[in-house]
Amino acid sequence: ISDTLRFLTDDYFLNNRLNTSFFSLHYQLVDDHRDVRYYPLDGYLFASEISLFGLGLLPEEDFSNLRFQTEGRYYKRMATRWFAGGMLKMRMATTPLQPYYLMRALGYSNDIIRGFEYYVIDGQGFALTKAHIKYQLLKRREVDYGFGPEQFSKGHHSLFLNLFFDA
């Protein structure tokens, strides 16, 4: 980091350092039974992750942080054109003293609260829940584009009205 950032905050990297290096280990288990990965309407997903930051193998590793994360998602067709779903995700760290660099909570990657996409919340842990109800305005329709390789020459579309709640 620059001298200016170090002057403004002394905990970006611990011990008022300008740089840091550390090893990390991650183990992730995912059990995915959703019908479509990017816009699921039926099924469930369970994911759990354990991460260890700072293994003590480098001389500048002055911290060790163990982080746990778990997530569950459930999607269900309620009626002919009605769908519902929900998600609960939690993360916690075991060490209160950690570099600011690792304190990413909500607003990063997949941990977004809908309606607050341009904001982030930093922290050591969080709990996030999402719920939605969808109504299918236009049923799924497959389209043959008639050109290109076979796996890319067909597509489908549908239109949904979505009511959601995030907390």
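How many bridges join strand β4 to strand β7, and in which sense do the two strands run? In this predicted model, strand β4 (residues 82-93) and strand β7 (residues 126-144) run antiparallel and are joined by 10 bridges, where strands are DSSP runs of E of at least two residues, numbered from the N terminus, as helices are runs of H or I of at least four, and where two strands pair if DSSP finds at least two bridges between them. Residues are numbered from 1 along each chain as its sequence is written, and side-chain values use heavy atoms, with hydrogens and water left out. As the model is a prediction, local features need pLDDT of at least 70 and side-chain atom pairs count only at pLDDT 80 or more, whereas totals for chains, interfaces and linings use all residues.

The pairing of β4 with β7 belongs to an open sheet of six strands, which follow one another in the order β1-β2-β3-β4-β7-β8 with antiparallel pairing. Strands β1 (24-32) and β8 (154-166) stand at the edges, and each has a single partner strand, so one side of each is left without a neighbour in the sheet. Neighbouring strands of this sheet are turned by 15 degrees against each other on average, direction ignored, with axes taken as lines fitted to C-alpha atoms and angles running from 0 to 180 degrees between N-to-C directions.

Within the sheet, β2 pairs with strand β3 (residues 65-77) in the antiparallel sense over 11 bridges, and L45 stands opposite R73 in β3. Strand β3 is in turn joined to β4 by 11 bridges, again with the strands running antiparallel, and a hairpin connects β3 to β4 through four residues. The bridge partner of Y74 is G86 in β4, while G85 has H132 in β7 as its bridge partner.

Seven aromatic pairs are found in a search of the whole structure; rings of Phe, Tyr and Trp (its six-membered ring) pair if their centres lie within 6.5 Å, and planes under 30 degrees apart count as stacked, over 60 as edge-to-face and the rest as tilted. F22 and F53 form an edge-to-face pair, at 6.3 Å centre to centre and with 75 degrees between the planes. F22 lies in the loop between α1 (3-8) and β1, and F53 in strand β2 (residues 43-53), so the pair ties together parts that are 31 residues apart in sequence. F22 is partly exposed, with a relative accessible area of 22%, whereas F53 is buried at 6% (buried means under 20% relative accessible area, exposed over 50%, partly exposed in between, with a 1.4 Å probe and protein chains only). Another edge-to-face pair, F83 and F160, has 5.9 Å centre to centre and 70 degrees between the planes, and it links F83 in strand β4 to F160 in strand β8, 77 residues apart. F83 is buried, with a relative accessible area of 3%, and F160 also counts as buried at 17%.

The contacts of L128 (heavy atoms within 4.5 Å) include M87, L106 and I113, when residues up to four places away in sequence are not counted.
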